[in-house]
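Here are some brief notes to read beside the model. Please keep the sequence in view as you go.

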Amino acid sequence: MKTFKLGGIHPAENKMAASQPIEEFPLPKQGIIPVSQHLGAPAKLLVKRGDQVKTGQLIGETAGFISANIHSPYTGKVKKIDNVLDASGYKRQAVIIDVADEEEWEEDIDHSEDIIREITANPDEIVNKMKANGIVGLGGATFPSHVKLMVPEGKKIEYLIINGVECEPYLTNDHRLMLEKTEEMLIGIKILMKGLGVDKAIIGIENNKMDAVEHIRSMLKDFKGISVEPLKVKYPQGGEKQLIKALVNREVPGGKLPLDVGCVVNNVATAYSVYEAVQKNKPLIDRIITVTGKNLQKTANLKVRFGTQLSELVDHVGGLPEDTGKIVSGGPMTGKALPSLDVPATKGTAGILVMTQKEAKFADPRNCIRCAKCTEVCPQGLEPYLLHQFGELERPEDAEANGIMDCIECGSCNYICPSNRPLLEYVRVGKAKTSEMIRNRKQK
Amino acid sequence: MKNQLIISSSPHVRGNWTIEKAMYGVVMAMIPAMLVSFYMFGLGALRVMLISIVACMAVEYVIQKYVIKGPVTITDGSAIVTGILLAFNVPTSIPSWMLIAGAIVAIGMGKMSFGGLGKNPFNPALVGRVFMLISFPAAMTTWPKPIVSREFFSFAGLDAKTLDTVTGPTPLGILNEQGANAVTPDYVNQLLGSMSGSMGEISALALILGGIYLIARKIITWHVPVSYLLSSFVFAGILWLVDPSQYADPLFHMVTGGLMLGVFYMATDYVSSPMSKKGMLIFGVGAGVLTILIRVFTPYPEGVSFAILLMNGFTPLINTYTKPKRFGEKQPVN
């Protein structure tokens with residue numbers, strides 16, 4: 001069975017929520033919609049206090065090449081525009097909407113469950129619809145998806161790679177989507193293939209989700225050009241460079257993009273939202289969020305409108321346990337620790353992980369014993385112990401020479417370290433210093 | 001909620017690999033060789049083992065508590081590993097005070113003076129051993145014979161069967177003084193440990209078993225042991241092919257002296273060996289060649305300690321010039 005070669009780790013999977021079907025989460029009383037839910041420039045606000053908005057109405061407009069539209073997930077009245085804390089830990093501009101009892105959708109949106117199979121849009125229309133409907137990558141980076149379809153002159157794309165790996169422990173939202181929204185997802189993949197002009201798409205899924213592999217395979221006869229490849233479980237297989245390596249045995253060099261080796265990578269949930277955007281003209285206003293943790297009364301995979309407070313989702317599964325030590329937005333390897341649950345769900349929220357005090361506390365760091373485990377597990381072939389030193393000593397030249405900018409921040413080094421050293425933390429410090437140095441050098 | 005939430009950067013989970021697991025894993029791996037030494041040398045071996053371990057831990061404790069005035073980490077297992085290795089590297093007839101002096105140098109000079117675990121450029125046990133070899137040459141090269149009745153097979157050869165002889169030369173000692181014709185191959189006994197020598201080095205078989213355990217548990221990788229063994233075997237083999245009457249055969253070099261002990265337990269020391277796989281291979285090859293060079297061409301019958309210490313000195317240089325292969329380094333792009 002295929003996998004990537006270099007490095008990698010096997011954290012405990014803890015996919016407790018895997019058997020929980022997707023539940024439609026009820027609308028909140030109030031929605032808080034940040035204008036920046038994506039990578040790139042925040043959207044430009046189109047509404048003001050007191051405005052009435054419909055569900056699916058454009059309320060924030062792209063403000064740059066790398067930016068994304070924001071739509072109202074609710075029908076109601078704009079209560080105010082304010083700076084609120086979001087999952088990034090920063091206060092950012094957001095629209096606060098009092099949700100009305102009666103829901104009214106924008107007229108040209110088809111929000112029924114009927115599946116539209118025939119793809120009539122041409123490649124340009126596909127890009128425009130994705131852009132108009134605010135589609136971003138739902139795998140974690142929230143990169144505006146339409147940009148990935150705008151392939152620069154001279155680059156030839158051979159493969160569309162669909163990421164159904166879900167290598168993060170605990171998270172099961174992609175797994176449920178692959179099982180329950182299979183046909184829509186496959187149509188979405190076909191749309192992406194048409195948009196890119198490629199005839200081959202490969203869905204990579206780790207073999208801890210063989211039910212999804214079998215289920216998708218059983219439906220493939222109507223979808224020419226799409227194949228499913230089970231992959232041996234190994235973290236960080238969901239990193240796009242590692243996934244491309246595992247599936248088509250090509251390596252994206254440092255500083256290059258997947259399209260430099262003829263690939264474009266999209267997540268399964270993104271493919272689903274592309275289907276909605278292109279076939280049903282439905283903007284990205286909701287997503288599936290896994291709510292999980294060892295001490296929660298139950299776990300769930302919830303379909304949530306953006307702007308819903310995360311505390312409401314946790315209340316839905318029985319509330320926060322007494323001995324909660326840490327709350328993570330996303331998975332435990334790359335997710336962000338939250339200062340509080342009073343932050344809204346956004347396009348990038350893949351899961352909420354509630355950790356106990358015991359799980360959240362780590363032993364103090366000790367001396368590096370130079371066991372070289374970090375270099376062994378680094379999927380990018382770097383030397384994390386060395387990059388940690390260069391980060392700590394503020395030596396960006398040496399850090400750059402040793403490839404610090406190639407680091408994908410998967411955290412494998414940190415995970416394996418027997419001395420519990422904060423390797424990735426210092427690598428991030430080093431990366432910030434190094435990119436500052438590179439910027440200054442370019443300006444000269 | 002009573003407690004405040006912890007905010008820290010990802011990852012939010014840790015593996016269960018710890019310093020203790022690595023160190024006590026090494027201790028586990030050395031138990032077969034330890035049992036062989038107790039069996040072969042009797043209570044004397046037990047005395048040396050206990051004194052060495054206690055002395056190493058005590059020295060570390062005193063320095064951490066009263067000199068550095070920092071946290072005491074003697075239970076992390078690294079001082080115990082050094083203690084066992086030091087004991088393995090001395091004859092069981094060594095006076096206790098010499099052993100304690102060796103422990104003070106091993107831990108005090110070899111390890112703590114550089115900043116403790118992880119900072120020492122040289123293998124502490126070897127620093128202690130070489131200090132003892134230079135300071136107490138007579139005591140360090142007087143080898144008690146294994147308890148005679150415990151010879152497994154009585155092939156004619158190295159071990160005279162007279163009960164009045166309590167000490168005897170090591171096979172490598174005979175080779176060094178009298179040449180290859182004076183040593184008779186007796187690989188079975190040498191493999192099992194029935195020969196004169198330092199306490200822990202005698203049974204190649206027990207040491208190999210422990211080494212396999214270390215590799216299987218992924219405490220060490222195969223790179224240093226395999227390259228070390230291969231290079232010493234090949235180099236000794238070339239010499240033997242050139243003149244079998246002068247040079248011992250390569251198999252003899254494999255099973256005698258401290259080679260297996262050095263290969264699996266001392267050259268593989270995390271702190272003082274290179275970080276990259278390539279570097280480990282260079283390190284192993286260098287140590288193998290140096291070992292045979294010292295054994296064959298210098299007055300010292302045994303070269304493992306010096307070879308590893310010399311290569312320890314090269315480790316920073318090796319680290320600088322051997323970088324792991326980066327992802328995507330040689331991929332053509334369109």
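The points below cover the origin of the model, a helix pair, a sheet and the chain contact.

1. This is a predicted model, where local features need pLDDT of at least 70, side-chain atom pairs count only at pLDDT 80 or more, and totals for chains, interfaces and linings use all residues. Residues are numbered from 1 along each chain as its sequence is written, while chains are lettered from A and ligands numbered from 1 in the order written.

2. Start with chain B. Helix H2 (residues 43-67) and helix H4 (residues 96-109) of chain B pack at about 40°, and their axes are 9 Å apart. Helices are DSSP runs of H or I, at least four residues; strands are E runs of at least two. Axes are lines fitted to C-alpha atoms over the stretch in contact, and angles run from 0 to 180 degrees between N-to-C directions.

3. Among the residues making the contact are B:Val48 and B:Ile51 of H2(B), and B:Leu99 and B:Ile100 of H4(B). Contact puts C-beta atoms, placed from the backbone, within 7 Å.

4. Now chain A. An open sheet of three strands runs in the order E3-E5-E6, with antiparallel pairing. Its edge strands, E3 (44-45) and E6 (70-71) of chain A, each pair on one side only. Pairing needs at least two DSSP bridges. E5 (residues 58-61) of chain A and E6(A) share two bridges. A:Gly60 sits opposite A:Ile70 of E6(A).

5. Finally, the chains meet. In chain B, 34 residues are in contact with 59 residues of chain A.

Conventions
Two residues are in contact if their C-beta atoms, placed from the backbone, lie within 7 Å.
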